[in-house]
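This briefing covers strand pairing, helix packing and model confidence. The sequence and structure come first, and the notes follow.

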Amino acid sequence: SSGINAEWSLRPGETSDSVTLNLKQQKFCANGDNSSDQQWLVPVTVVTQSRDTPQTYLLDGREGQIVLEGARPGDWVKVNPNQIGLFRVKYSDDLLKRLLPAVKNQALSSADRLGIQQDLFALAKAGYSSTANLLTLMGSYSNERNYVVLSSINTNLSDLGGLFNHLPCYQQFKAMRRQIFSKILTEVGWENKETDGHTDALLRSMLIGTLGHSGDTEVIEKCNEM
């Protein structure tokens with residue numbers, strides 16, 4: 001599959017109502033193999049903080065530059081909104097940092113909140129991005145309530161936990177998981193509600209299990225009392 005690297009800049013002479021997004025494509029391999037020179041014609045759709053109307057461009061070479069009309073310096077940029085394109089997106093550190101508040105306050109759709117962390121996890125796992133960036137992103141999901149998004153995050157963090165469990169940082173890793181999920185369990189509650197849907201029950205069960213495995217003393221004590 002293809003991968004898109006995205007970063008942007010305000011070029012001399014450009015107005016504050018347009019910025020340039022620099023794109024670069026390379027083949028994405030789950031094993032991190034960078035030897036392929038294969039290229040694709042890739043339709044790339046972009047939305048920005050100041051303009052939620054999608055703008056679509058064709059990346060027809062290794063690299064390309066596109067002008068985002070209506071975008072302002074400092075805007076967040078979401079490449080591949082609603083994950084319709086079959087490629088991974090690697091953001092520059094600056095663009096990723098700008099996306100964090102949009103994830104936290106849910107300015108992005110659930111599909112985009114899901115896709116951002118799935119892409120970054122796959123990129124980190126293959127060695128294209130740092131695990132530190134991934135963990136920083138995960139901290140922005142403390143307000144998340146969508147079961148599909150949270151289930152994906154939980155699965156990805158569980159995979160990371162298997163790598164960290166023999167390292168000194170493992171206790172910090174478990175503390176981070178507790179920080180993400182404990183607030184959500186407080187709001188969801190332990191008891192079934194008449195207003196619960198199918199995913200509410202699944203979410204509650206997942207949260208209790210995850211927090212227990214992460215060493216949440218309150219959850220462990222309550223489970224022992226039941």
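Two strands pair if DSSP finds at least two bridges between them. Helices (H or I, at least four residues) and strands (E, at least two) are DSSP runs, numbered from the N terminus. The model is predicted: local features need pLDDT of at least 70, side-chain atom pairs count only at pLDDT 80 or more, and totals for chains, interfaces and linings use all residues. Residues are numbered from 1 along each chain as its sequence is written, and side-chain values use heavy atoms, with hydrogens and water left out.

**Sheet**
- Strand 3 (residues 42-48) and strand 6 run antiparallel and are joined by three bridges.
- V46 has V79 in strand 6 as its bridge partner.
- The open sheet has three strands in the order 4-3-6, with antiparallel pairing.
- Strand 4 (55-59) and strand 6 (77-79) are the edge strands, each pairing on one side only.
- From one strand to the next, the twist averages 30°.

**Helix 4 and helix 5**
- Helix 4 (residues 147-164) packs against helix 5 (residues 170-188) at an angle of about 165°, with the axes 10 Å apart; axes are lines fitted to C-alpha atoms, for helices over the stretch in contact, and angles run from 0 to 180 degrees between N-to-C directions.
- The two are therefore roughly antiparallel (angles under 35 degrees count as roughly parallel, over 145 as roughly antiparallel, 65 to 115 as roughly perpendicular and the rest as oblique).
- Helix 4 and helix 5 cross in a left-handed sense, meaning that the near helix is turned anticlockwise from the far one by less than a right angle.
- In helix 4, L150, I153, N154, L157, S158, L160, G161 and F164 are in contact (heavy atoms within 4.5 Å) with Y170, F173, M176, R177, I180, F181 and I184 of helix 5.
- This contact comprises 11 nonpolar, three polar and one charged residue (Ala, Val, Leu, Ile, Met, Phe, Trp, Tyr, Cys and Pro count as nonpolar, Asp, Glu, Lys and Arg as charged, and the others, Gly among them, as polar).

**Helix 6 and helix 7**
- The axes of helix 6 (residues 198-213) and helix 7 (residues 217-225) come within 8 Å and cross at roughly 115°.
- That angle makes helix 6 roughly perpendicular to helix 7.
- Their crossing is left-handed.
- I208, L211 and G212 of helix 6 meet V219, I220 and C223 of helix 7.
- Five residues of this contact are nonpolar, one is polar and none is charged.

**Confidence**
- The protein chain averages a pLDDT (the predictor's confidence in each residue, from 0 to 100) of 89, and 93% of the residues score at least 70.
- Residues 10-15 have a pLDDT below 50, and this stretch has 11 contacts in the model beyond near neighbours in sequence.
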